[in-house]
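Read it with the structure open.

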Amino acid sequence: MTTPSLSKAALHDLTVAELVQALSSKQVSAVELASHFLDRSAAHSGLGAYVDVRRDITIAQAQNSDARIASGNAGALEGVPVAHKDIFVTKDFVTTAGSRMLNGYRSPFDATVVSKLGAGVAGGTPGAGMVTLGKLNCDEFAMGSSNENSAVAPVDSGAPAPVRNPWNTQRIPGGSSGGSAVAVAARMTPAATGTDTGGSIRQPASFCGITGIKPTYGRASRYGMVAFASSLDQAGPMARTAEDCALLLSAMCGPDTDRDSTSLDVAAENFTAGLQGSVEGLRIGVPKEFFGEGLADDVRNTVNGALQQYEKLGAKLVPISLPRTELSIPVYYIIAPAEASSNLSRFDGVKFGHRAAHFTDLADMYKKTRSEGFGDEVKRRIMIGTYVLSHGYYDAYYLQAQKIRRMIADDFQNAFKDCDVIAGPVAPTVAWKLGEKSDDPVANYLADIFTLPGSLAGLPGMSLPVGFASCAADKGMPIGMQLIGNYFQEARLLNVAHRFQQATDFHAARATGF
Amino acid sequence: MSQSNTPILLDRPDAPLVGGYEVIIGFETHAQLSTQSKIFSRASTAFGAEPNTQACAVDLALPGTLPVMNKGAVERAIQFGLAIGAHIAPKSIFARKNYFYPDLPKGYQISQFEIPVVQGGLIEFFLNEKKMSVRLVRAHLEEDAGKSLHEDFVGQSGIDLNRAGTPLLEIVTEPDMRSSAEAVAYAKELHKIVTWIGICDGNMQEGSFRCDANVSVRRPGGPLGTRREIKNLNSFKFMQQAIDYEVRWQIEQIEDSHKIQQATVLFNPDTGETRAMRTKEDAADYRYFPDPDLPPLCIAQSWIDEVRSHMAELPRAMAARFEYSYGLSEYDATQLTQSLALSNYFEAATKVCGQAKLAGNWIMGELSRRLNNQDIGIEQAPLKAETLGALITRISDGTISNNAARQVFEVLWEDATATVDGVIESQGLRQMNDTGALEKIVDDVIAANAKNVSEFKAGNEKALNALVGQIMKASKGKANPQQVNDLLRAKLR
Amino acid sequence: MSLTTHDIARIANLARLELDPVHSERMLVQMNGFFAIVEQMRAVDTTGIEPLAHPVAAIGDIALRLRDDKVSEPDQREANQVSAPAVERGLFLVPKVIE
């Protein structure tokens, strides 16, 4: 990879890998980069991707990066800009989780992932040295697949406004990491963090034509991620290429023994090391349940095209079955709301966040505060979760769901006897129109069908751009392919995706005007 | 939260009845574990700090925080399990108990529900020299809540979360107690065990050891009555008062043919009455489910063995040893192992005098009487164990009589600098062992009391005692009573 | 199985949510719509299946990690209370708690 000559205009076209080189070879400074991306983000604020930007703080971080580069103490990604999904708590930026409940909330600490990508934990191991551009919009408490559930006003817009898909600003970007996907796709940041509970990294990546990966549950610390569903939430990077995702993921993973009991004792890994490996003889499992009815023709044809591309590269396609794919919808929508209903009980107006202005007594304060603070989708899930855990229903719903969850995980282990990775669509359709499904929650839930099974099993999964819709209605909308690996096979997934991106240029495509 | 929903009631024909009713009591005790840091955070557990200065981000449930388990708390749970002969679960589960309350920062309490860490076990103790035992259902780990302060805020309460996250061991019994006296004796024994093994400081004023009593009454052999739970009994005195009041109240209700409603009640020490708490209408539905932030707690046998190897000798084992190696009765042995300090005192004194039984009697008699009078612990006794040992030696070697020993004890108690032999000499308490001198006194007394002599010879034993008394008087108590008896009988034969 | 408005009221109260009649009615319809797709799940035979708590436990036991009993959290009351709705003398204020 050669670094192109750096005209300022081109800075935002460089990948993370290229920016690392440009910075270390002093072709550009961290401060120049930071202000370039801040300017560009301001110019495209109409997309509603950012919810908090603080130029002074970003520039100060960039100056520190330049100092570390000068003194030869540069971190692995020193000076490269990044932006964080607003579900990660941050000391220097407001953290809202897309909710009225946390309007203006200031966390006294940084999420572990934020520290690891940034300057590191004070007094602890140094971080990768990335510079934070700001916080990115998302569905309220990461609940949603269209980013239409955010209650927070994006930068430069006085009121809550939808996040728009750069490929068609009348369409949703996907969710819940919609702001992250849009910021990367519109090149307002070279890379961003996201979180994935039931597909919240993979689906928006697919809808916005970028690359994103969700690692094995427990590989990245959950400390400092505002909790949605504890047994499903996982952090991951979103960028334009698999190589860039590998660079960020290498810095994000590793045990957080002091802060997170669910983080696994699996050492951090250099995910770029195996990127070039051949896919010759790779066995790609193709689950028939991922290609049934309800799958848009454009998606089916495009994903099939990508699979043929892999065959050209020497991979073998193996038909497999994930028989409980459809069951994963009710199972997920029982487990996630159950955990969420409990995780969101701390939002009671006592210690932090919103408190109702008028109430008669304590009980009334709780109810008014929570009814004002939570949006409709969050309330729906709290209601579902409270109900399935309540007396007399626990066994029939929550416990039953956790048992089927194991069956789903076992299905994957059987499948991996016959294949190395599993491939299929990320979502049944391309990004839909703003408002199209906003008052039909169940329709939104059904659209998660292909990402839920991997989430329930805690498996690593990623999305990479493999083409565009051609039908009149959806013309030009990006289509992503999902890769699912066995536990701790992130390196393999990134390698498989990287080889595809070396042979194709869908990942390099640019939305008109961005 | 009571775990024993369908208790196997012990048949207790010996159970004392109150107005013809059998009293049935079960206990739930919250013992704060003596760790430095909290159960799921690294904040300090020290008592009495400025409000919320020891409530860290995790304790406040700030967004993004997660629990990380304190090994010290688990270790203490294992110690307790070993101390009461319980089963220690190789795998136990933390669950969330969901309810809203201002002193509960997360909106749920992390506790253990279906699978607790300590299962079963037995607490044994004496009540009026009668051996009793209470079966434990379980003991589980959980986090304490914060405190609501109602004073100094008009129409508002202040929330201090310093206590939030302090490790608790909740110890639940079967309903095996049949009187307030039994209940208090059980609570005292439990208090003894947790302080003896050092897992809890036992400070009831500071709330380190809080008892809830489940009380119900029934006609002997009749169906179980509805129980009411008396919360937060933080002194043994109140415990007895509260239960007695509650029992009388329940019996009155039944006698007036009112139904008892299951309720949680508080004891008011000022009025001496219990009153029902304001019931939360949905309190019943805690929506327990395994905490997804905490994988199962796994305890390997090797860890249990290691903890056992570091544990001090337990009261029950020590009492058994006292019976075996000192020939004490089970009752005496138990009395002498009421606290580590007491048992240490006993062993130190015995080491000096080699008279375990005598040492035991003096400690349980004269010594404890004086300790009680002055309301001080054995640690503060002005008379050290070694000194008592020396005193007992002088009794057993015949140097002084028991009565004289009491006088010596008196002096030693008041004057810490005094020595046993010093006092014996200065007070001239040495027994008269010079037979010649004694014989003279005996002869004089016989001569001077012809009446008693003849009565004795006529078969009136009492008359002898009168003579003995005269002789002891004449010898200013220095004569050895046994010796006097023998001499008299010899001369009057 | 179908929920009633009474169920909705009970659940809302448990969750400390206040729903006016309009929202309550909409919630009822949406929740019943959701539980319609849940029915298929209840029919699955799961006898003898262990529930899966930590996903990675699917391939091996995950045991709780224990930390040493050490205090290392300094007093950060000020920073921790920056976003508190009502604080006085370091205490969080709430409407009077009646027991």
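Buried means under 20% relative accessible area, exposed means over 50%, and partly exposed lies in between (1.4 Å probe, protein chains only). This is a predicted model: local features need pLDDT of at least 70, side-chain atom pairs count only at pLDDT 80 or more, and totals for chains, interfaces and linings use all residues. Residues are numbered from 1 along each chain as its sequence is written, chains are lettered from A and ligands numbered from 1 in the order in which they are written, and side-chain values use heavy atoms, with hydrogens and water left out.

**Confidence.** The predictor assigns the complex an ipTM of 0.97 and a pTM of 0.91.

**Aromatic pairs.** Rings of Phe, Tyr and Trp (its six-membered ring) pair if their centres lie within 6.5 Å; planes under 30 degrees apart count as stacked, over 60 as edge-to-face and the rest as tilted. Over all chains, the whole structure holds 36 aromatic pairs. Two of them are tabulated.

| Pair | Centre to centre | Angle between planes | Class |
|---|---|---|---|
| A:Tyr387 and C:Phe35 | 5.2 Å | 80 degrees | edge-to-face |
| B:Phe40 and B:Phe94 | 5.7 Å | 85 degrees | edge-to-face |

The pair of A:Tyr387 and C:Phe35 crosses between chains. A:Tyr387 is in helix 11 (residues 376-389) of chain A, and C:Phe35 is in helix 2 (residues 21-42) of chain C. Helices (H or I, at least four residues) and strands (E, at least two) are DSSP runs, numbered from the N terminus. Both A:Tyr387 and C:Phe35 are buried. They belong to one aromatic cluster, whose members include A:Tyr332, A:Tyr393 and C:Phe34.

In chain B, B:Phe40 is buried at 5% relative accessible area. B:Phe94 is buried too, at 0%.

**Charge over ring.** A charge sits over a ring if NZ of Lys or CZ of Arg is within 6 Å of the ring centre and within 35 degrees of the ring normal. The charged end of A:Lys437 is over the ring of A:Trp432, 3.7 Å from its centre. B:Arg406 lies over the face of B:Trp362, 5.9 Å from the ring centre.

**Interface of chains C and A.** Contact (heavy atoms within 4.5 Å) involves 58 residues of chain C and 71 residues of chain A. What links C:Arg26 to A:Asp376? A salt bridge, with the closest N and O atoms 2.8 Å apart. Four salt bridges (a side-chain nitrogen of Lys or Arg within 4 Å of a carboxyl oxygen of Asp or Glu) are counted between chain C and chain A.
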